[in-house]
Amino acid sequence: MERFLGPYSLKQVKEAYGRMEFGLQDEISGSLRQWVAFDDFESIRKHYPELVQLVQREMLSGWGMSTHSTMGSSPLPAKVKAPKVRRSGPPAFLILFLLMVAVVGAVGFSLYKDGELSNVIGMVKDRQLHGAKVQYGDRYNAKFEAYMDRNRDFINGALKKKKSSAQWLPYVRAVAFEKDGRWEGLSAKKLRGQAEGFLPQDCSMGAWEQRWTQSKDQWARFLDGREFPREEWAYLLAMDPLWIKSRSPAPGWLNPGSYAEGCLRMAIKAMQRLTGDNMSFEAKIFVSRMRWQLGVINAQVPDEDFEMSGTLWALSCIEDAHEDSALKNCLGSVNPKQGWREAFEVGVLHRKIELALTGNKNLDDEAMKSFEALVNDFGNRAPSYYLPREPELKYYQEILQQKGNLGEARNLIQQKYPAINFDH
């Protein structure tokens, strides 16, 4: 921990001090004599009288110190043997500090490399929030739910603050939509967040029981295509699950991945609780449709036979079609009236556009002509009151601008709509 300077002549010692290469706490030695610290006045005068002037007039004057008058009386020889200066090492506390910095830095880098640094920082900043993240892990579980229930009072306090509210909402929503769609102490509006306008303001089980009860007389007409009510329950049943999937997980959501998915969960539970074992034909169809929608959203292979018919079977057939030729078979069993006819026409048109893009990176000239015709038709006919597809339309139009280059169009449109997945 020591550094040696020299050998120096007397002149070089003075020049080195002028360059601040050593100070009062350092030591000097020469001609096999002992080491003496510069601030040891008596030893300097005794062993190195040639340095008295340097120490007294230059080194000490800057510190506001003085020495005994006898120090200035010693003569300076014209020549001296070359002394060596030994610089003292850094103080012990500085060495300890540097070691601590090195250790913390090494641990921090290791945590960063392993993706755990944010967890440690989070634990320091908010112990309860860190606990929720740890208990949740990679999926919803009973321990996580119990943890959230135990810390409900603290969480409700955090939800009143703008920054901490945004951090807690995904976990609060996970618990709420695993149970009955509510969190005591949080309004339905705050729980909903920035969802699409056609989705209900309140998707709790209680709200859905009320919707199902009030709409019961419309179910048969809805199912056979005579009526498409502009109501929340009808929009939910007719919602394209691929539309939801492309927007999941939405910002601020874990499981469910979006408000739309949470609404589906609560609508199913409400219907089952409301009807019990005495479920009507229409109710069974509705539950099957919603279960099928959730399966598509979560990319789960159905392990049951879905009992669907009428308009909801036709919708599912359109959404599940893997080639154009299959689409014409989807509408054979229904005779849709006004409202339903428009919904089917737009659904078929959109599915044709998606099938034209699936598995392709570029569209050739011939494919571009038919694609452009589909996009123009879709832009003119997409209903404004239900299932808005403006981001998708912008994407299709960007493909036309990029002369069929899907990758370039996707990169450009993704910047405008970062929360939507445009992959095919």
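Lys403 is exposed, with a relative accessible area of 69%; exposed means over 50% relative accessible area, buried under 20%, and partly exposed in between, with a 1.4 Å probe and protein chains only. Lys403 lies in the loop between α21 (390-401) and α22 (406-416), and its phi is near 55°, a positive value in a residue other than glycine. The model is a predicted one, in which local features need pLDDT of at least 70 and side-chain atom pairs count only at pLDDT 80 or more, while totals for chains, interfaces and linings use all residues. Residues are numbered from 1 along each chain as its sequence is written, and side-chain values use heavy atoms, with hydrogens and water left out.

**Other individual residues**

- Phe286 is found in helix α16 (residues 281-297); helices (H or I, at least four residues) and strands (E, at least two) are DSSP runs, numbered from the N terminus.
- With a relative accessible area of 0%, Phe286 is buried.
- Leaving aside residues up to four places away in sequence, Phe286 touches Trp212, Trp219, Phe222, Leu223, Trp233, Leu237, Met271 and Leu312, where contact means heavy atoms within 4.5 Å.
- Phe286 and Leu312 are 26 residues apart along the chain, and their C-alpha atoms are separated by 8.0 Å.
- Glu227 lies in the loop between α12 (219-223) and α13 (232-238), and it counts as partly exposed at 23% relative accessibility.
- Residues up to four places away in sequence not counted, Glu227 touches Gln218, Arg221, Phe222 and Trp340.
- Between Glu227 and Arg341 there are 9.9 Å in space, C-alpha to C-alpha, although the two are 114 residues apart in sequence.

**Cis peptide bonds**

- Ser248 and Pro249 are joined by a cis peptide bond with omega of about 0°; Pro249 is found in the loop between α14 (241-245) and α15 (259-275).
- Asn255 and Pro256 are also joined by a cis peptide bond, with omega of about 10°; the loop between α14 and α15 holds Pro256.

**Helices α6 and α7**

- Two packed helices are described by the angle between their axes and the distance between the axes.
- Helix α6 (residues 127-136) packs against helix α7 (residues 142-150) at an angle of about 160°, with their axes 8 Å apart; axes are lines fitted to C-alpha atoms, for helices over the stretch in contact, and angles run from 0 to 180 degrees between N-to-C directions.
- That angle makes α6 roughly antiparallel to α7, since angles over 145 degrees count as roughly antiparallel, under 35 as roughly parallel, 65 to 115 as roughly perpendicular and the rest as oblique.
- The crossing of α6 and α7 is left-handed, a term for a near helix turned anticlockwise from the far one by less than a right angle, with right-handed used if clockwise.
- On the α6 side the contact is made by Arg127, Gln128, Gly131, Ala132, Gln135 and Tyr136, and on the α7 side by Lys143, Phe144, Tyr147 and Met148.
- These contact residues of α6 and α7 comprise five nonpolar, three polar and two charged; Ala, Val, Leu, Ile, Met, Phe, Trp, Tyr, Cys and Pro count as nonpolar, Asp, Glu, Lys and Arg as charged, and the others, Gly among them, as polar.

- Helix α19 (residues 340-357) and helix α20 (residues 365-381) cross at roughly 150°, and their axes come within 10 Å; the crossing is left-handed.
- Among the residues of α19 that meet α20 are Val346, Leu349 and Ile353, and those on the α20 side include Phe371, Leu374 and Phe378.
- The contact of α19 with α20 has nine nonpolar, one polar and five charged residues.
- The axes of α20 and α21 likewise come within 10 Å, crossing at roughly 150°, and the two helices are therefore roughly antiparallel to each other.
- The crossing of α20 and α21 is left-handed.
- Met368, Phe371, Glu372, Val375, Phe378 and Gly379 of α20 meet Leu393, Tyr396, Gln397, Ile399 and Leu400 of α21; by class, this contact has eight nonpolar, two polar and one charged residues.

**Helix α3 and the chain as a whole**

- Val52, Leu54, Val55 and Met59 are the buried residues of helix α3 (residues 52-59), and what covers them includes α1 (10-18) and α2 (41-47).
- The chain has 22 helices and four strands, and 42% of its 424 residues count as buried.
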